Amino acid sequence: MNLNQVTIPSVDLVKSVVFYKLLGLELIVDSIPRYARFLLPDGDSTFSVHRVEELPKGSGSVVYFECEDLEGQVERLKNESVEFDIIPMDQKCLWRGARLKDPDGN
C-alpha cells in the first residue's frame, strides 16, 4: 500500500501555500482559492490543502514530515521568520523532532 495524499483544511489558502512552499513542498495543483496540492521532495506522496469557511473544532490535524538535516532546516525556517513551538529535541518516542504550526494552527 502507498500513501497517495493527505488533505488538511485552511481558511486562507494563499497563506497556506506560501507556508508549505517555504517548507520545501512543490506546488503541483494551483486551484486557489479552493484547493492546492503539493509534491513532497522525497517519495511519491502528495499533500493538499482545501479551503473551508471555518476550521474544525478540537485539536486539529497533526502531520509529521521527515528530513535529513533537522537542525539545518529549522535554522533556515527561523531565518524566514517561521516560529517553532518546540525546537529540535529528542522525543519520548525515540526520534528527534521539532514542532511548528501552519497559518491555520495545524
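Buried here means under 20% relative accessible area, exposed means over 50%, and partly exposed is in between (1.4 Å probe, protein chains only). You're looking at a predicted model, where local features need pLDDT of at least 70, side-chain atom pairs count only at pLDDT 80 or more, and totals for chains, interfaces and linings use all residues. Residues are numbered from 1 along each chain as its sequence is written, and side-chain values use heavy atoms, with hydrogens and water left out.

Start by selecting Tyr20, which is buried at 4% relative accessible area.

Searching the whole structure turns up five aromatic pairs. Rings of Phe, Tyr and Trp (its six-membered ring) pair if their centres lie within 6.5 Å; planes under 30 degrees apart are stacked, over 60 edge-to-face, and the rest tilted. Tyr20 and Phe47 have ring centres 4.8 Å apart and planes at 50°, so call this pair tilted. Tyr20 sits in helix H1 (residues 13-23) and Phe47 in strand E4 (residues 46-51), so the pair ties together parts 27 residues apart in sequence. Those labels come from DSSP runs, numbered from the N terminus: helices are H or I, at least four residues, and strands are E, at least two.

Keep Phe47 and select Phe65: this pair is edge-to-face, 5.4 Å centre to centre with 70° between the planes. Phe65 is partly exposed, at 36%.

Finally, select Phe19, Tyr20, Phe38, Phe47 and Phe65 together: they form one aromatic cluster.
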